[in-house]
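Welcome, and please open the structure in your viewer. Keep the selection tool ready, and we will go from stop to stop together.

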Amino acid sequence: MTAPIPPAAPLDVFRPGLFDGQVALITGGGSGIGRGIADTLTALGAHVVLASRKQERVDAAAAEIRAAGGRASAVAVDVREAERVQQVVAQVREAHGRIDLLVNNAAGNFYAPSETLTANAWKSVVEIDLYGTFFCSQAVLPVMRGQGGGSIVNISMTLHYRGWPLMAHATAAKAGIDALTRTLAVEWARDRVRVNAIAPGPIPTEGVRKAFTPPPTAEGVPDVFAVDRAMASYAKKAIPLQRWGAPADIGNMVAFLMSPAASWITGAILVVDGGEWLAKTAPSA
Ligand code: NAP
């Protein structure tokens, strides 16, 4: 009989209090993967600052983390606005005195045929993903340099490794993020700022679950178990390790990259996907 596939690795592989006194700024930290990263880091003692456009979203997430005993605060920012990003970074430095980790996780995405993708739709995704990653990284550099170093982790993807129909905007932006990761890693190493990226496989955040939701039946009755069935079947077929990812899988990799165990790692793009992209064939458009 095949052994069951274990879930995301337990947190106790990291020393309790590993990040006591450290500060992590996480864009898009109020939902999905960003929230999972925040949960991992706060469980290990870090103070997380959750940053995204909707103040109420990041406020609610920060309040939940504090209620669970963690340290968290929230700030509203649109990462496409370079000046606002500079203000927010100055605000975080003022409040906490340092920024040890920046996670560039905020992103926009949707399926759309390239042929009819509007200029605005293209611009919006490329600006959130690629420009936002650059603006936030550039803004934290002087803070990290001033404190003797720091770590930047960019959240990429794997879909651009082979090309992915209906996602020209996001795949182009993430390919840019990979290039940026390597370039900044080399440029900023002299300031002891390490720049790495994580390329997650499929993680069932709200948007991904929506994409797997089949239309209601002919009688208009929604099948509430259909998403879970569709997802289980996808995992069996398309993911060699036979399970979907969890935000904690990415949180654990971020914790490793932030830890002293990764002090000689920069410019790396680490795939965390259960083997999915190696085994995948792209759907047709
Ligand atoms: P999500 O839940 O939709 O999170 C995206 C976050 O980005 C939201 O919290 C959103 O908050 C924030 N955001 C969007 N536009 C922003 C802007 N202009 N400025 C600041 N914040 C903004 O998505 P997710 O699935 O967790 O994905 C997180 C990251 O993982 C993304 O980089 C995504 O490309 C990557 N990824 C995900 C998967 C997956 O299967 N889920 C796979 C590969 C890669 P507001 O609306 O409040 O701004």
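Predicted model: local features only at pLDDT ≥ 70, side-chain atom pairs only at ≥ 80, totals over all residues.

Residues are numbered from 1 along each chain as its sequence is written, and side-chain values use heavy atoms, with hydrogens and water left out.

**Stop 1: two helices**

Select residues 32-43, helix α1, and residues 55-67, helix α2. Helices here are DSSP runs of H or I with at least four residues, strands are runs of E with at least two, and both are numbered from the N terminus. The axes of α1 and α2 come within 11 Å and cross at roughly 30°; axes are lines fitted to C-alpha atoms over the stretch in contact, with angles from 0 to 180 degrees between N-to-C directions. That makes α1 roughly parallel to α2 (angles under 35 degrees count as such).

Now show the side chains of R35, A38, D39 and T42 in α1, which meet A61, E64 and I65 in α2 (contact means heavy atoms within 4.5 Å).

**Stop 2: salt bridges**

Stay with E64 and R35: they form a salt bridge, with the closest N and O atoms 2.8 Å apart. The term means a side-chain nitrogen of Lys or Arg within 4 Å of a carboxyl oxygen of Asp or Glu. Since E64 lies in α2 and R35 in α1, the pair ties together parts that are 29 residues apart in sequence. R35 is buried at 18% relative accessible area, while E64 is partly exposed at 47% (buried is under 20%, exposed over 50%, partly exposed in between, with a 1.4 Å probe and protein chains only).

How many salt bridges does a search of the whole structure find? It finds nine. Among them is E127 with K123, at 3.6 Å from N to O. These two are four residues apart in helix α4 (residues 119-147), or about one helical turn.

**Stop 3: two loop residues**

Most residues other than glycine have a negative phi. Select R192, in the loop between α5 (168-188) and β6 (193-200): its phi is positive, about 60°. R192 is exposed, at 59% relative accessible area.

Finish at Q242, between α7 (226-238) and α8 (247-258). Its phi is also positive, near 60°, and Q242 is partly exposed at 43%.

Note on methods
Parallel < 35°, antiparallel > 145°, perpendicular 65-115°, else oblique.
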